[in-house]
Amino acid sequence: CSAAEKLKEQGNQEFKNKNYSAAIDLYTQAIAEDPHEATFYGNRSACLLALERYQEALVDCQQAVSKNKTFEKGYFRASKCHCAQGNIQKAKEILLEGLNQVPKSKSLNQELSYVNDLESKETEFNKLYSEGKYKEAAENCTALLEACKGASKINYFYIRCLIYSNQLDEAMSVVQIQMRKESTPELYYLRGIIFLYSGKTDHAKKHFQEALRIDPDHNLSMKMIKKMRTTMESKKEDANALFKIGNMEEAIKAYKECSELDPKNANFNSVILTNKAIAHFRLHQYDEALKDLDKAIEGNDKYAKAYIKRGEVNSKLNNYEEALRDFNSAKEIDPHGFDVREKIKQAKIDLKRSKKYDYYKILGVPKDADIFQIKKAYKKLALKWHPDKQKGKDEKEQEEAEKKFKDIARAYSVLSDEKKRNQYDNGIDPEDNEGGGMGGGIDPNSIFQMFFGGGMGGMGG
């Protein structure tokens, strides 16, 4: 047995014992004894792979296959090196090169199948990322991260996906792990973004500055510092100032501009959209408020204030089940804030009341409708459903119209009377306590004649 072979055997033993550095020294001595033997380079590359020294391992793989074109392990490990560095296409190319030399190699064919699968996952990841589907992209990235352990680029994209899908704690954890391996301006920038999106602007600024200390030309950090200084906070303050003086229409415009500054800053935008929704609410623009609050909660589903405000909007729109659901969601996040227990109690009253007669819904008016809105709604609906307008329709349609006409009168009689309306809003239907035809002793024709006189006659039959 030659000296080189003895050194190789010793190296193999150290490799089995996971003493990779010692094994590398022995394989290096073997190579010095016999620089033409492919297995010595191949074995040393296995040690370097285990130590995650991928570029050095790749050089040894290339040396091995240059010495022996049919050395399968050389191609196999070269593929692993390329994958680890995120070069999936190069991994595929080296495997095809190996299969050209050893077409029936089971290990190379299996590895090619694995690499093809990785390539598909990379394509899918890039597609999801470009479409802004960051949560799905992060979930799709698991296999890539496992295979491409030494590829900082893929790790950085993964961190971005976590940030942009508002998984900030997870993103911070991944950044800290990566920082133990390397200290790059990109990592400081990403950590700064996490702080910024968590509302910790001072910490964010320090990290952007550290990125610039490492690399004075780091463009992303320069832009972010400038944006923080000149736009985000100042525009938010401008919008809040307009809100405070009661200029809701201009405040809405300002909040809209503010929300467009950094669309990926989910927490910041959730606050801005909630403020915008409150401005819409003040203008009784409930549908617009609801849209903004839906977006706010989509961006940050742990933002209790957004649930509270959406619950209030849903109450105004007579969506009592949705309102109760929103208040309960807020209570889970913040059990003692926003007077949430009282809001839940009122939402339950509203829901129970609506199961019988929802007078606001019958007239199609919001819960804060004034007497003019109530009268206007009554007149429109009473004209539409008056029995005399139903002539020529079949018996069933006439019966349905008569019921609606009575319900409209009943709703009007309660909501137009301040005392009755107050009782109703507190869960007591005053019409349930009175006898008579329609459950409340109200003659719908009498109310109709108050508005229109006797021109359309009575209810007939």
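Between which two helices does the loop that holds lysine 18 lie? In this predicted model, lysine 18 sits in the loop that runs between helix H1 (3-16) and helix H2 (20-33), and its phi is near 60 degrees, a positive value in a residue other than glycine. With a relative accessibility of 60%, lysine 18 counts as exposed, since the threshold for that class is over 50%.

Aspartate 339 belongs to the loop between helix H19 (320-333) and helix H20 (340-356), and although it is not a glycine, it has a positive phi of about 55 degrees. Its relative accessibility is 53%, and aspartate 339 therefore counts as exposed.

The protein contains 25 helices and zero strands. Its radius of gyration is 36 Å, well over the 23 Å that the globule rule gives for 461 residues, so the protein is more spread out than a compact globule. Along the principal axes, the C-alpha atoms fill a box of roughly 120 × 55 × 35 Å. Among contacts between residues at least 6 apart in sequence, 54% join residues at least 24 apart.

The accessible surface comes to about 24,400 Å², of which 48% belongs to carbon and sulfur atoms, while the mean positions of the 76 positive and 72 negative charges are 1 Å apart.

Turning inward, 46% of the 461 residues count as buried. In soluble globular proteins, nonpolar side chains tend to be buried together. Here the largest nonpolar core has 64 residues, of which Ile159, Ile163 and Phe208 touch the most other members. Leaving aside neighbours within four places in sequence, isoleucine 159 is in contact with Ala171, Val174, Val175, Leu187 and Leu190. Apart from this core lies another, of 44 residues, which includes Ile308, Ala323, Leu324 and Tyr412.

Is cysteine 258 buried or exposed? Its relative accessible area is 0%, and cysteine 258 is therefore buried, the limit for that class being under 20%. Not counting residues up to four places away in sequence, cysteine 258 touches Met232, Lys235, Lys236, Phe268, Asn269 and Ile272. Isoleucine 349, by contrast, is 91 residues from cysteine 258 in sequence and 38 Å from it in space, C-alpha to C-alpha.

Note on methods:
Residues are numbered from 1 along each chain as its sequence is written. This is a predicted model: local features need pLDDT of at least 70, side-chain atom pairs count only at pLDDT 80 or more; totals for chains, interfaces and linings use all residues. Side-chain values use heavy atoms; hydrogens and water are left out. Helices (H or I, at least four residues) and strands (E, at least two) are DSSP runs, numbered from the N terminus. The radius of gyration is taken over C-alpha atoms; the globule rule is 2.2 Å times the number of residues to the power 0.38. Buried means under 20% relative accessible area, exposed over 50%, partly exposed in between (1.4 Å probe, protein chains only). Contact means heavy atoms within 4.5 Å. Accessible areas come from the Shrake-Rupley method with a 1.4 Å probe; for residues, only the protein chains shown count as cover. Lys and Arg count as positive and Asp and Glu as negative; His and the chain ends are not counted. The place of a charge is taken as NZ of Lys, CZ of Arg, CG of Asp or CD of Glu. A nonpolar core is a set of buried Ala, Val, Leu, Ile, Met, Phe, Trp, Tyr and Cys residues joined through side-chain atoms within 4.5 Å.
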